[in-house]
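Trainee: Could we go through this one together? I'd like to see how the labels follow from the values.

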Amino acid sequence: MAAQEETGHSHCYDAIVVGAGIQGSFAAYWLAKRQQNTLLLEQFPLPHTRGSSHGQSRIIRSAYPQDYYTDMMGEAYRLWAELEAKTGTKLYRQTPTLFLGRQEDPEFQSYRQTMERYNIPGETFTPQALAQRFPGIRPCGGEMAVSDLSAGILYANKALQAVQDQFRHSGGTVRDGEKVLSILPGDLVTVTTSQGKYQAKRLVIAAGPWTSHLLVPLGLQLPLQPLRISVCYWKVKDHDQNRVAALERLPCFLAIKLSGEGHDIYGLPVDEYPGLVKICYHNGIPVDPDKPDQLSQTSADIQILEEFVSKYLPGLDPKPAVQERCIYTNTPDEDFVLDQHPHFRNMIIGAGFSGHGFKFAPVIGKILCELSLGEKPIYNLAPFQISRFSTLPKAVL
Ligand SMILES: Cc1cc2nc3c(=O)[nH]c(=O)nc-3n(C[C@H](O)[C@H](O)[C@H](O)COP(=O)(O)OP(=O)(O)OC[C@H]3O[C@@H](n4cnc5c(N)ncnc54)[C@H](O)[C@@H]3O)c2cc1C
């Protein structure tokens with residue numbers, strides 16, 4: 001481990017991580033845990049609500065259509081539990097996730113098959129059984145469901161705070177309100193911020209929706225699209241106490257291609273606002289992360305949600321009671337980017353989490369740390385490599 005040194009005008013670290021969202025914070029934590037003198041740089045004063053990691057809740061589940069995601073979840077659950085135990089903070093609550101879909105839909109079937117293959121505890125519901133067990137849901141098109149009983153909710157804000165605390169506890173330094181303005185490659189990477197200059201042997205870029213702002217000057221244009229997501233909360237309109245209770249007890253759900261546009265819609269039980277169910281559209285509007293308010297609130301995604309709620313959850317008021325926003329950073333295939341910069345091997349990129357990266361963060365942080373130490377992670381990283389974009393016109397590798 002190199003001690004932090006003053007080298008003329010700059011401080012020298014073993015590692016610098018850009019971005020204190022959930023992925024950068026976990027990468028920094030792992031680096032510090034591995035005895036690397038690590039600096040975590042964040043452009044906004046912490047905590048903030050401008051990126052992708054804020055808010056109270058995220059779904060965690062094991063079932064995925066692609067095995068390379070399910071393969072990571074065993075370790076992810078263990079590491080979340082470890083963080084809970086270390087910090088004495090409750091970060092997780094078990095609640096099933098229901099996958100709702102049409103029996104003939106291949107994506108719906110792939111969730112069922114994964115659950116069988118991996119022995120994930122769960123149940124299958126016919127439309128009748130579904131309506132009986134969850135009276136708030138109306139499977140009006142004969143939809144079925146399969147439930148992942150290993151699933152739950154992560155308390156996102158608390159999780160972010162917990163991992164940053166553990167990073168500091170392991171000797172790491174956080175500098176927030178300090179924007180990275182430029183990165184100069186080299187054996188020692190030089191990072192210039194709004195407040196100073198730092199050097200490090202290795203750099204991890206985990207800048208969420210701003211990743212391209214840092215990569216383009218480094219000769220790398222990846223197809224990363226920031227999308228503004230409307231986070232909507234819906235009120236129970238019913239006055240019958242039993243029906244209110246049934247709606248408030250809804251589990252997490254993922255409605256597979258049940259919106260007219262063919263994208264998924266997901267929901268979480270009442271948590272952040274008393275009596276309000278969180279339901280969001282898993283797609284959004286392209287946005288400049290520095291100007292997230294440039295778009296009007298009334299947009300096609302809200303209309304799609306309103307139609308879905310009227311049709312499938314008729315006990316909810318079909319107008320959102322509260323609207324907030326968050327940003328996804330999508331890749332064309334919605335798989336992550338976990339890789340080295342193709343020309344600068346001591347720069348590692350973690351990006352493109354495409355609206356489903358939170359649950360994996362402890363494992364992703366570990367992978368980013370291992371890549372930056374020149375080690376080979378145990379997971380299949382082929383789906384996350386930058387080279388997969390080489391045939392796309394937008395990618396300059
Ligand atoms: C509404 C919504 C719901 C979601 N639901 C789920 C879910 O249920 N389950 C799940 O697993 N995932 C979910 N996700 C996805 C998950 O939250 C994201 O994948 C994850 O938070 C991405 O984290 P990140 O660290 O990559 O990005 P961010 O949180 O955006 O962090 C990047 C950080 O980098 C900083 N930064 C950028 N540029 C600079 C710079 N130049 N200098 C210094 N700092 C910089 C930013 O300020 C930011 O803090 C959801 C996302 C949203 C928006």
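Trainee: What makes up the lining of the second largest pocket, by class?
Mentor: Keep in mind that this is a predicted model. The lining has 8 polar, 3 nonpolar and 1 charged residues. Among the lining residues are Leu46, Pro47 and Leu160, and Leu and Pro count as nonpolar. Arg168 is on the lining too, and Arg counts as charged. Gly55 is another lining residue; Gly goes with the polar class.

Trainee: How much space lies in that second largest pocket?
Mentor: About 210 Å³.

Trainee: Why is His341 called buried?
Mentor: Buried means under 20% relative accessible area. His341 has 1% relative accessibility, so it counts as buried. You'll find His341 in the loop between β20 (337–340) and β21 (347–351).

Trainee: How do you know that the side chain of His341 makes a polar contact with the backbone nitrogen of His343?
Mentor: The cut-off is 3.5 Å for a pair of N or O atoms, so the 3.0 Å to the backbone nitrogen of His343 falls within it. A polar atom of the His341 side chain also lies 3.4 Å from the backbone nitrogen of Phe344.

Trainee: And Val270, why does that one count as buried?
Mentor: Its relative accessibility is 19%, and the cut-off is under 20%, so Val270 counts as buried. Val270 lies in the loop between β16 (265–268) and β17 (276–281).

Trainee: Which residues does Val270 touch, leaving out those up to four places away in sequence?
Mentor: Arg93, Glu248, Gly275, Leu276 and Val277.

Technical notes:
Residues numbered from 1 in each chain as written. Predicted model: local features only at pLDDT ≥ 70, side-chain atom pairs only at ≥ 80, totals over all residues. Heavy atoms only, no water. Helix = DSSP H or I, 4+ residues; strand = E, 2+ residues; numbered from the N terminus. Buried < 20%, exposed > 50% of the residue type's maximum accessible area, 1.4 Å probe, protein only. Contact = heavy atoms within 4.5 Å. 1 Å grid on protein atoms, 1.4 Å probe; cavity = no way out; pocket = protein on both sides within 12 Å on 5 of 7 lines; lining within 4 Å. Points joined across faces, edges and corners; volume = space filled by probe spheres on them. Polar contact = N/O pair within 3.5 Å; in protein donor to acceptor, adjacent residues only side chain to side chain.
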